[in-house]
Amino acid sequence: MTRVLAGAMAPAVTPFDADGAVARASFETNVRAHVAAGLSGVVVAGSSGEAALLDEGERAALLTWARALVPSDRWLIAGIGGESTRQVIQRARVAADAGADAVLVVSPHYYGKRMSEAALHAHFTAVADASPLPVLLYNIPVYAHLVLSPELVARLSRHGNVVGMKDSAGDLATLARYVESQRDDFRVLTGHGGTWAQALALGVSGGILAVSLFAPALTLAVWEAARAGDADGAAALQARLVPLARDVVAALGPAGLKAAMTMVGLEGGVPRAPLLALDDAEREQVRAAFAAAVVPLVGAPPTPVAARGLAAAH
């Protein structure tokens with residue numbers, strides 16, 4: 001690799017049209033916005049993108065569309081995790097053909113009781129051996145229902161084609177153990193917006209953060225403050241980010257992300273069945289989170305505090 005895995009990246013949502021098909025124009029609108037916001041890259045077919053609900057053709061199409069819009073100096077990362085090692089390897093090859101720069105691989109978890117350290121090591125090693133693209137490990141216990149141990153991560157980090165990991169658990173003690181394996185050719189990224197500033201203080205290289213989908217200026221402001229060594233500034237900005245991470249991302253999942261994106265003028269829409277759109281009470285929860293974060297919605301004039309906070313990111 002000639003580029004470092006660093007900065008704040010967006011795990012793109014997958015918009016659908018009224019018939020339930022992937023809405024290309026809406027997806028492209030969002031990707032352009034993520035790039036224009038100054039984010040370091042885009043992840044396609046990740047958890048926020050409802051990857052488990054996409055078919056193989058949709059995954060490939062989304063990557064192809066994104067590649068045409070994501071500049072070569074930004075990362076395009078493909079989520080390729082699956083239950084079968086064979087399937088994940090095939091997805092890696094498709095991702096390479098579509099122009100992705102790297103792949104993000106969540107643990108197989110359907111047969112959870114059999115996903116021992118040995119089984120996981122064998123799986124990730126086989127994928128890394130066969131993948132034409134660099135591999136990032138993906139730790140997300142809320143969906144995978146298992147945790148990649150720091151010992152396993154350390155072993156896998158020594159594989160020449162495993163270049164990093166995304167940890168979305170929000171467990172700072174375990175994250176610190178992951179960071180012990182970080183070096184020039186293996187980078188640790190956080191996927192937990194609620195602890196973004198704390199993760200940066202621990203030494204992560206960046207983050208793939210759902211909050212960056214609808215609050216990129218605030219997310220980047222935390223990044224810039226941390227890079228400048230302004231711990232107090234980063235903490236103050238992080239405090240504003242917490243309600244969005246807690247009450248939208250963590251509490252409401254893809255449906256919440258999509259509602260939040262619509263509220264800031266992007267293309268959200270509804271999730272794919274069996275996921276349900278938010279009800280009225282949940283939408284009010286999203287609005288309240290924006291208010292607590294002092295992030296303006298479309299059609300609402302920014303408060304003086306919000307204007308100062310957004311200006312700080314640019």
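# Helices around a barrel

Trainee: How do the axes of H4 and H6 cross?

Mentor: They cross at roughly 30° and come within 11 Å of each other. Axes here are lines fitted to C-alpha atoms, for helices over the stretch in contact, and angles run from 0 to 180 degrees between N-to-C directions.

Trainee: What's the ground rule for this model?

Mentor: It is a predicted model, where local features need pLDDT of at least 70, side-chain atom pairs count only at pLDDT 80 or more, and totals for chains, interfaces and linings use all residues. Residues are numbered from 1 along each chain as its sequence is written, and side-chain values use heavy atoms, with hydrogens and water left out.

Trainee: And the H and E labels? What do they stand for?

Mentor: Helices (H or I, at least four residues) and strands (E, at least two) are DSSP runs, numbered from the N terminus.

Trainee: Back to H4 and H6. Are they roughly parallel or oblique?

Mentor: Roughly parallel, given their angle. The cut-offs: under 35 degrees is roughly parallel, over 145 roughly antiparallel, 65 to 115 roughly perpendicular, and the rest oblique.

Trainee: Which residues meet there?

Mentor: From H4, they are Glu 117, Leu 120, His 121, Phe 124 and Thr 125. From H6, they are Leu 152, Arg 155 and Leu 156. Contact means heavy atoms within 4.5 Å.

Trainee: How many nonpolar, polar and charged residues is that?

Mentor: Four nonpolar, two polar and two charged. Ala, Val, Leu, Ile, Met, Phe, Trp, Tyr, Cys and Pro count as nonpolar, Asp, Glu, Lys and Arg as charged, and the others, Gly among them, as polar.

Trainee: How many residues of H6 are buried?

Mentor: Six of the eight in H6 (residues 150–157), so the helix is mostly covered. Buried means under 20% relative accessible area, exposed over 50%, partly exposed in between (1.4 Å probe, protein chains only). The buried residues of H6 pack against H4, E5, E6 and helix H7 (172–179).

Trainee: New topic. What do the eight strands do?

Mentor: They close into a barrel, in the order E1-E2-E3-E4-E5-E6-E7-E8, with parallel pairing. From one strand to the next, the twist averages 25°. Two strands pair if DSSP finds at least two bridges between them. In general, strands of a sheet pair through backbone hydrogen bonds.

Trainee: How many bridges join E2 to E3?

Mentor: Four, between residues 41–44 of E2 and residues 75–79 of E3. Val 43 stands opposite Ile 77 in E3.

Trainee: Where does H4 touch the sheet?

Mentor: H4 (residues 117–130) packs on the sheet by touching strands E4, E5 and E6. The direction of H4 makes about 165° with that of E4.

Trainee: Which residues of E7 are buried?

Mentor: Arg 187 and Leu 189 on one side, Val 188 and Thr 190 on the other, which covers both faces. E7 also pairs with E6 over four bridges, in the parallel sense. Arg 187 is the bridge partner of Gly 164.

Trainee: Now Leu 257. Where is it?

Mentor: In helix H10 (residues 231–263). Leu 257 is buried, with a relative accessible area of 2%. Leaving out residues up to four places away in sequence, Leu 257 touches Val 13, Ser 48, Ala 210, Leu 213, Phe 214, Val 248 and Val 249.

Trainee: What about Ser 48? Which loop holds it?

Mentor: The loop between E2 and H2. Ser 48 has 12% relative accessibility, so it counts as buried.

Trainee: Which residues does the cis peptide bond join?

Mentor: Ala 273 and Pro 274, with omega about 15°. Pro 274 lies in the loop between H10 and H11.

Trainee: Last one. At what angle do H10 and H11 pack?

Mentor: About 130°, with their axes 9 Å apart. That makes H10 oblique to H11. H10 passes H11 in a left-handed crossing. Left-handed means the near helix is turned anticlockwise from the far one by less than a right angle, and right-handed means clockwise.
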